[in-house]
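Thanks, I'll keep this brief. Please have the model up on your screens while I talk.

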Amino acid sequence: MKQAHRRVVAVVVHYGDPQPTVRSVQSHWGLNLFSEIVVVANDLSARPVELEPYPCAWLIPPRNVGFGGGCQLAASTRDADVYAFFNAHVTIDRPSVERCVAGFDDEHVGIAAPCVYHPSRKSPARGW
């Protein structure tokens with residue numbers, strides 16, 4: 001069943017150097033596809049000043065909850081039709097997000113993911 005508009009929330013799980021997270025949030029906001037971006041700071045760090053212009057939520061869990069725990073924490077604090085979960089070092093282009101979200105037009109689809117490519121190769125990434 002197609003929905004005219006879906007609330008799509010991007011979740012970025014952060015740990016360590018803030019720059020990849022800053023670039024990820026900036027890139028994802030630039031797509032104009034996400035209703036909201038939520039960052040889970042698994043390193044318990046404060047929100048970087050570079051993100052002040054961006055209306056993203058910055059969640060600090062009581063401890064490092066790992067990637068899956070960070071995704072679950074963010075999803076438990078935000079209502080969405082679709083969640084997009086990202087490691088801070090990963091960005092995605094607009095057509096890929098649109099194709100993944102369109103996958104949910106089929107009521108039997110519960111998860112969708114793009115094919116990940118290594119930036120220096122033409123073939124899909126294998127065995128990072």
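I'll begin with Ser24, which counts as buried because its relative accessibility is 0%; buried means under 20% relative accessible area, exposed over 50%, and partly exposed in between, with a 1.4 Å probe and protein chains only. This is a predicted model, where local features need pLDDT of at least 70, side-chain atom pairs count only at pLDDT 80 or more, and totals for chains, interfaces and linings use all residues. Residues are numbered from 1 along each chain as its sequence is written, and side-chain values use heavy atoms, leaving out hydrogens and water.

Ser24 sits in helix H1, residues 18-30; helices (H or I, at least four residues) and strands (E, at least two) are DSSP runs numbered from the N terminus. Leaving aside residues up to four places away in sequence, Ser24 touches Val12, Ala88, Val90 and Thr91, contact being heavy atoms within 4.5 Å.

Now the sheet. Four strands form an open sheet in the order S3-S2-S1-S4, with parallel pairing; two strands pair if DSSP finds at least two bridges between them. Strand S3 (57-59) and S4 are the edge strands, each pairing on one side only.

Strand S1, residues 8-14, pairs with S4 in the parallel sense over six bridges, and Val12 stands opposite Phe86 in S4.
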